[in-house]
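User: Please walk me through this model, one question at a time.

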Amino acid sequence: MSSERLLLSPEEGKAPFFAGVDVGGTSIKIGIVDDFGRSINTGEVNDDGLPRSFLSIRTEPHPQTAVNQISGVIHDLISRLKIKKSDCLGVGIGIPGTMDMKTRRLRQPPNLHSWKDFAVCDEFTKESGLPATFCNDANAAAYGEYWVGSASGQSSMALLTLGTGIGCGIIIEGRSIDGATGYGGECGHLLIDGSDNALICGCGQRGHLEAYCSASGVARRTIHLTGIRESSLRGRINPETKLGGIAKIVFQEAENNDALALEIIDDTAVYLAQGIISICNTVDPAFVVLGGAMTFGGKNHPVGQRFLKKVRDSVDSRTFPTPEIRCLLIDFAMLGADAGFIGAAGLAREESINK
């Protein structure tokens, strides 16, 4: 996780440096990385007294105000850390939603409706004086894991972030797959159930991966099943229970070996494997990384280990029976909350190199 990563002083870092920005619906993370993707200590500490790898500001509804504030934070960081301005070669900005790659404008970011059609790169370069690169936030996180995270050293990878929805980023030979219209890698909307009674996704369509494997999808399946099955979950879920907290309750009851909770997690793994198989048959990544908030305890917890094994076994049983496919690596992400800003900075570095 991010708290376990070594943070460098600017003197320890290898120039050039790049700024990374991870824009969320309520907050924005801003950090500096060196040429090897190593985070520079911001000089501040978090609530646990540990050094902070990024600074966080509130997301402003007006995009120009946000750009001005982000630019100010980056320049303050560069000044405070005594990094030469000439050694900071660019900034990468990860934002939810899709982009028009030709005009370098946002389309319609979810939860950031007033940012629609905003020319974020051009405006940021005007304000900050730094070359700007933008990408989908999931693609940014994927690049972070590809560059210095779980998939470091691999030729290609796909990241699936399991949260309220499902984000996905695909990196092939160091390049983020954005697609012709910015919709590349939207694998949360892969069709895994074509029946007329398939579950409805948050986008309004039936049968998408997100409808089954996101935290919201798990919550809705849990509510249905607790209505017809005996389980300790029944005593913890009622009409007042928030949808966003149900996946955590399922995890907690799975820790107590509740049969239905374990079944829900196993089924989630099988559904997720269906999506992974489609990704593998399309782009053949060397590594699939699972991130986000809903990893059921992750690799250091027995429930998380069970979930990961079920995913691996289900993928293995349904892919082409060749040695190469059987060697597909699937594991949890390792960068935690740092992945987005590190990956955004890495994509800015990539663009700088390829100019």
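This is a predicted model: local features need pLDDT of at least 70, side-chain atom pairs count only at pLDDT 80 or more; totals for chains, interfaces and linings use all residues.

Analyst: Asp-258 caps the N-terminal end of H7, with a side-chain oxygen 3.2 Å from the backbone nitrogen of Leu-260.

User: What span does helix H7 reach from its first C-alpha to its last?

Analyst: H7 covers residues 259–283, 25 residues in total. At 1.5 Å a residue, 36 Å is expected. The model comes close to that, at 36 Å.

User: Which residue follows H7, and what is its phi?

Analyst: The residue after H7 has a positive phi. The residue is Asp-284, and its phi is near 50°.

User: Is Thr-268 buried or exposed?

Analyst: Thr-268 sits in helix H7. Its contacts beyond four places in sequence are Tyr-212, Cys-213, Val-218, Arg-221, Met-294 and Phe-307. The cut-off for buried is under 20% relative accessible area. Thr-268 has 1% relative accessibility, so it counts as buried.

User: Which backbone oxygen does the side chain of Thr-268 reach?

Analyst: The distance is 2.8 Å. A polar contact needs N or O atoms within 3.5 Å. The backbone oxygen belongs to Ile-264.

User: Which strands stand at the edges of the five-stranded sheet?

Analyst: The sheet is open, with mixed pairing and the order S10-S9-S8-S11-S12. An edge strand here has a single partner, so one side is left without a neighbour in the sheet. The edge strands are S10 (175–176) and S12 (329–332).

User: Which residue in S12 is the bridge partner of Val-288?

Analyst: Strand S11 (residues 287–291) and S12 run parallel, joined by four bridges. The partner of Val-288 is Ile-330.

How values were computed:
Residues are numbered from 1 along each chain as its sequence is written. Side-chain values use heavy atoms; hydrogens and water are left out. Two strands pair if DSSP finds at least two bridges between them. Helices (H or I, at least four residues) and strands (E, at least two) are DSSP runs, numbered from the N terminus. The expected span of a helix is 1.5 Å times one less than its number of residues. A polar contact is a pair of N or O atoms within 3.5 Å; within protein, one must be able to donate a hydrogen and the other to accept it, and residues adjacent in sequence count only if both atoms are side-chain atoms. Buried means under 20% relative accessible area, exposed over 50%, partly exposed in between (1.4 Å probe, protein chains only). Contact means heavy atoms within 4.5 Å.
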